[in-house]
Amino acid sequence: MNSVTLQSPLDMHIHFRQDEMLRRVAPLSALHFAGGVIMPNLLPPVDTVERLLWYTQEVREALNGAPFQPYMTMFFRDYTERELAEAKPHMLGIKLYPAGATTNSDGGVQEIRSMHHVFAMMEEMQIPLLVHGETHGFVMDREREFCEVYRHLATTFPRLRITMEHITTQDAVALLDEFENLFATVTPHHLIITLDDVVGGMMNPHLFCKPIAKRPEDRDALLDAALKAHHKLMLGSDSAPHPRSKKECPGCAAGVFTAPIQLPLLAELFNKHGALSNLQAFVSDNARRIYNVTPPERTITLSNTAMTIPESYAQDVVPMWAGRTIGWSVVS
Ligand code: DOR
Ligand code: ZN
């Protein structure tokens, strides 16, 4: 029997949604994680202090006392200095979406360069900027093209801490070593799948997400960085629940649901590559250091005991690899 024990795993990019979906999915993250970064792309978005405080309360109620620290975010817009000062104590950072890049992001930024005054204030106030980094170009090139924007932001605002969210390309991995103030999250699914798994055979809507999974060489570069627990890289699942009816239909919504199966997937993957000893840094230590956060103390043990991934969670949310048996599971 092979096993690994993790201290306070953190999921640094999660979609909890609201209402009934929130009440169903938040406890699933709290099963295995000590905390996580909660994304603000609701309708309407979380973009006022009032909505931030309201949403925080909603999330806390859904967690129902579970030892899980929600690190809240606000949706980027043209904020005043006063708004930023009021919000800062209640959040981890601000998430920027290019307009229309993904689910519920129509109110995102049209022109990054017109927002320099906001970045300058965030830099001064030490508020991290979290970014969905895709242009509106050809789908496979969107992230690579956005690397120019990351370069521009990182050099123009050298003290602004910028997280490239859910990176999917070797180009983004390379940026981590180029700029001191760039960090990144990566999802478990982008460490495992490529575009082939989404549309190479029978189309799999449950693996369709933004940014779309890329080429084998991109997946391998991400995996390489994760397996060595690159000190600027954190686990961020981008777990994005949509009801089955919004996934198994024409116009399928983007998002892969992985919240309850991430740690088994990762333990199996890291074990396969002889890197289990780096899993703790990848799933917790790097994030604690990068964001200077101290989550609740929790211990999660996994072993190479097989588990079959349920056909659905939270009533009708289909997870990645539903029905498949994988080699590792959480034992306590
Ligand atoms: O696939 C995605 N789904 N990517 C995102 O960036 C957002 C997410 C969602 O909210 O469904
Ligand atoms: Zn996301």
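Student: Let's start with the sheets. What order do the strands have in the open sheet of eight strands?

Tutor: In this predicted model, the eight strands of that open sheet follow the order 2-3-4-5-6-7-8-9, and their pairing is parallel.

Student: And which ones are the edge strands?

Tutor: The edges are formed by strand 2, which covers residues 10–14, and strand 9, which covers 233–235, and each of them pairs on one side only. Going from one strand to the next, the twist averages 25°.

Student: What actually holds paired strands together in a sheet, in general?

Tutor: Strands pair through backbone hydrogen bonds, and the pairing can be either parallel or antiparallel. For an example from this model, look at strand 4 (residues 69–75) and strand 5 (residues 93–96), which run parallel and are joined by three bridges.

Student: Which residue is the bridge partner of Thr73 in strand 5?

Tutor: Thr73 has Gly93 as its bridge partner there.

Student: Okay, helices now. Which strands does helix 5 lie across?

Tutor: Helix 5, residues 142–156, lies across strand 6 (129–131), strand 7 (162–164) and strand 8 (182–186), and it runs at about 165° to strand 7.

Student: What about helix 11 and helix 12, at what angle do they pack?

Tutor: Two packed helices are described by the angle between their axes together with the distance between those axes. Helix 11 (residues 262–272) and helix 12 (residues 279–291) pack at about 140°, and their axes are 9 Å apart. That angle makes helix 11 oblique to helix 12.

Student: Which residues in helix 11 and helix 12 meet?

Tutor: From helix 11 there are Leu263, Leu266, Ala267 and Phe270, and they meet Leu279, Phe282 and Val283 of helix 12. By class, this contact has seven nonpolar residues, with no polar and no charged ones.

Student: Switching topic: how many cavities of 30 Å³ or more are there in the whole structure?

Tutor: A search of the whole structure finds two of them. The largest cavity holds about 120 Å³ of space, and 18 residues line it, with His15, Thr102, Lys210, Asp238 and Ala240 lying nearest its centre. Its lining is made of five nonpolar, nine polar and four charged residues.

Student: And how much space lies in the second largest cavity?

Tutor: That one has about 40 Å³ of space, and its lining includes His206, Ala240, His242 and Lys247. The classes in that lining are five nonpolar, three polar and one charged.

Student: What volume does the largest pocket have?

Tutor: The largest pocket has a volume of about 350 Å³. It is lined by 22 residues, and those nearest its centre are Tyr71, Pro89, Met91, Leu92 and Val293.

Student: Which element gives the most to that pocket's lining?

Tutor: Strand 4 gives the most, with four residues, while helix 2 (49–63), strand 4 and helix 12 each supply at least two. The lining of the largest pocket divides into 14 nonpolar, five polar and three charged residues.

Student: One last topic, the backbone. Where are the residues joined by a cis peptide bond?

Tutor: One such bond joins Leu43 and Pro44, with omega at about -10°, and Pro44 is found in the loop between strand 3 (35–38) and helix 2. Another joins Lys210 and Pro211, with omega at about -5°, and Pro211 has its place in the loop between helix 8 (195–200) and helix 9 (216–227).

Student: And what is the phi of His166?

Tutor: His166 has a positive phi of about 35°, although it is not a glycine. His166 sits in the loop between strand 7 and helix 6 (170–176).

Notes: Residues are numbered from 1 along each chain as its sequence is written. Chains are lettered from A and ligands numbered from 1 in the order in which they are written. This is a predicted model: local features need pLDDT of at least 70, side-chain atom pairs count only at pLDDT 80 or more; totals for chains, interfaces and linings use all residues. Side-chain values use heavy atoms; hydrogens and water are left out. Axes are lines fitted to C-alpha atoms, for helices over the stretch in contact, and angles run from 0 to 180 degrees between N-to-C directions. Angles under 35 degrees count as roughly parallel, over 145 as roughly antiparallel, 65 to 115 as roughly perpendicular and the rest as oblique. Contact means heavy atoms within 4.5 Å. Ala, Val, Leu, Ile, Met, Phe, Trp, Tyr, Cys and Pro count as nonpolar, Asp, Glu, Lys and Arg as charged, and the others, Gly among them, as polar. Two strands pair if DSSP finds at least two bridges between them. On a 1 Å grid over the protein atoms alone, a cavity is a set of points where a 1.4 Å probe fits but cannot get out, and a pocket is an open set with protein on both sides within 12 Å along at least five of seven lines; lining residues have an atom within 4 Å of a point. Grid points are joined across faces, edges and corners, and a volume is the space filled by probe spheres set on the points.
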